[in-house]
Amino acid sequence: MTTTPPWLYYLFATLMLAVAAYDIVLLLLSGARRRLSGWDVEISHVFMGMSMSGMFVAQWAFGRNAMWELIFAVLLIWFLVRSIQSVQEFGLHVPHWMIHAVMNFAMLLMYWYPIGSSSSGSMSMSVSSPSTAARVDPGLAFLLASTVLASAVFTLASPNKGATHHGTHFRVYAMTGVAGSEPSDSNLGEGPGSGGDVDRVVAAPWLEDMSHIVMCVAMGFMLILML
Amino acid sequence: MTVAEVTERAPARGARRSVSTAIAQPRDLQRTFRLVLATVWLLDAVLQIQPFMFTRGSNGFSGMLNASAQGNPRWIAHTITWNVSIIYHHPVLTNTPFALIQFLIGFGIVGKRTTKPALALSIVWALAVWWFGEGAGGIFHGAATPFGGGPGGVLFYAVLAVLLWPSEGSNTPFVATRTVGVSTARAIWAGMWAVLALLSVVGAGRSPQALRDLVAGLNNGSQPGWLAHIDRSAESLFLHHGATTAILLAVVCLIVALGVFLPPQITQATLVLAIVVFAIIWVAVQNFGGILAGGATDPNSGPLVILLALIYWPPTITRATSSAIASESAVLATDA
């Protein structure tokens, strides 16, 4: 008897592919509009979406694990470097790239510590039985899951729509939390809304945030499954 | 502090553009705490869709609920087993809406228009889970000890929903007073901690063996090594000094209960005491609600008690806040 509902995993896998496809479109738009920000987050979401869809549904997985590990390691380093640069430039604060670094780190953990196969047979990432496979420290998985779920909630609540992709790095805000007049790194005039109707619809800041929220919930679930 | 981007209309082109003028606004602490509560609900929702939750039998959700019926008076146990039988026969059909409700609550609390319905739903849901899922927290058969989450971890969700109900007003003397007023907020706090103090020393709460078994029962072999090590220390402490520890906890609870009636500095000290004690209990006794062992539906009472303590924290007006408010006033005056 299949007790774990396979549809749940197909649902998450489909959502992950939808996020990946959406971010591919965003990337294309970014290229066409020569937008300078957000492309790194979009690339990260594309890879995470494709990778996690294969984790939720084994048949949809492709590529060697080593390839994915390399991709997420590079992305992790990229976002860490951007975070450090942001702190150096704006002073002590939590850069918006940090959550993307955390998410890429979580992706690496998912490859380093594969999840045991569930009874549904839907889950992949299992090359060995759960009893013999190395297991990530549950405390770390729980911490990461809580972090990405908090990111989902606070992104949804944020008045700065699109900040998950483009950041909100006002110099004065970053340094003191007080009003400033410096442009954000989304570059005014180049951000969503400056292009045509397609741009306005597809690159709507709330839609960008939604892709991040969906990614966070799926990742939180995957991390909980690692416990 | 938060940054609010001001969107203004460019007179020449008539196009809306986001300018980088930012106004510093005092953080809405009540909303921030609601978002933390929403995060916990979202975590619960994700825990609710773990594979075993959809599994029939003693290893599944129905088996877990069935255990909560044990020891309860017959009329309570009967309602729980009735609920269990439905879930047993339809684990997917029942657990799916259970999870959806928690997703709705978690995301609903975030939306400004949906906050109140979501909080109202959370109160109803919390009471239902307290009864059917936690067996009324074990208070009817003397098994409710604050060490184990008594009088029921989920009840704290309901208390938080009431205290964080959206309302305008001042955060002084603390955020919890904003909705219900100073007297009621203090009464709720004192009442809650008095109950915790009472439960610490009645029934199984002061039994060394019961307390030791409480910790041992959580260790199903799936705990990480470091947590199992902490568990062994906690088991040993309870076995040898269980009654003393229980009395000590009761004294702490009474001190914390009185704390909100004292000057702010003393209130802060008692809140730190409450936070530290419940952080230790959450890790060493509640084992993060059993989440790390992979078979839990919520993080138990530890983080919720800590969140409650934070909403009773007397805020301090810092220079930064004062200057931000002054800055905001200046900007608004200029705009006007």
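Predicted model: local features only at pLDDT ≥ 70, side-chain atom pairs only at ≥ 80, totals over all residues.
Me: Where do I start with chain B, and how many helices and strands does it have?

Reply: Chain B has 13 helices and 2 strands. Helices (H or I, at least four residues) and strands (E, at least two) are DSSP runs, numbered from the N terminus. Chain A, by contrast, has 9 helices and 0 strands, and from the N terminus on its elements run α-α-α-α-α-α-α-α-α. Residues are numbered from 1 along each chain as its sequence is written, chains are lettered from A and ligands numbered from 1 in the order in which they are written, and side-chain values use heavy atoms, with hydrogens and water left out.

Me: What share of the residues of each chain counts as buried?

Reply: Buried means under 20% relative accessible area, exposed means over 50%, and partly exposed is in between (1.4 Å probe, protein chains only). In chain A, 52% of the 227 residues count as buried; in chain B, 50% of the 336 residues do.

Me: And the accessible surface, what does it come to for each chain?

Reply: Accessible areas come from the Shrake-Rupley method with a 1.4 Å probe; for residues, only the protein chains shown count as cover. Chain A comes to about 9500 Å², with 68% belonging to carbon and sulfur atoms. For chain B the value is about 14700 Å², with 66% on carbon and sulfur.

Me: Which residues of H6(B) are buried, and what do they pack against?

Reply: H6(B) spans residues 155-163, and its buried residues are Phe156(B), Tyr157(B), Ala158(B), Leu160(B), Ala161(B) and Leu163(B). For packing, think contact: heavy atoms within 4.5 Å. Those buried residues pack against H1 (29-48), H5 (115-133), H7 (177-180), H8 (182-201) and H12 (302-311) of chain B.

Me: How do I read a helix pair, and at what angle do H3(A) and H4(A) pack?

Reply: Axes are lines fitted to C-alpha atoms, for helices over the stretch in contact, and angles run from 0 to 180 degrees between N-to-C directions. Under 35 degrees counts as roughly parallel, over 145 as roughly antiparallel, 65 to 115 as roughly perpendicular and the rest as oblique. H3 (65-90) and H4 (97-112) of chain A pack at about 155 degrees, with axes 8 Å apart, so they are roughly antiparallel to each other. Residues that meet there include Trp68(A) and Phe72(A) from H3(A), and Phe105(A) and Leu108(A) from H4(A). By class, this contact has 15 nonpolar, 5 polar and 2 charged residues. Ala, Val, Leu, Ile, Met, Phe, Trp, Tyr, Cys and Pro count as nonpolar, Asp, Glu, Lys and Arg as charged, and the others, Gly among them, as polar.

Me: In chain B, at what angle do H4(B) and H5(B) pack?

Reply: H4(B), residues 91-110, packs with H5(B) at about 140 degrees, with axes 7 Å apart. That makes H4(B) oblique to H5(B). Among the residues in this contact are Phe98(B) and Ile101(B) of H4(B), with Leu119(B) and Trp125(B) of H5(B). The contact divides into 10 nonpolar, 4 polar and no charged residues.

Me: Last one: where does Asp137(A) lie, and what does it touch?

Reply: Asp137(A) lies in the loop between H4 and H5 (138-157) of chain A. Its relative accessible area is 31%, so Asp137(A) is partly exposed. Not counting residues up to four places away in sequence, Asp137(A) touches Pro224(B) and Trp226(B).
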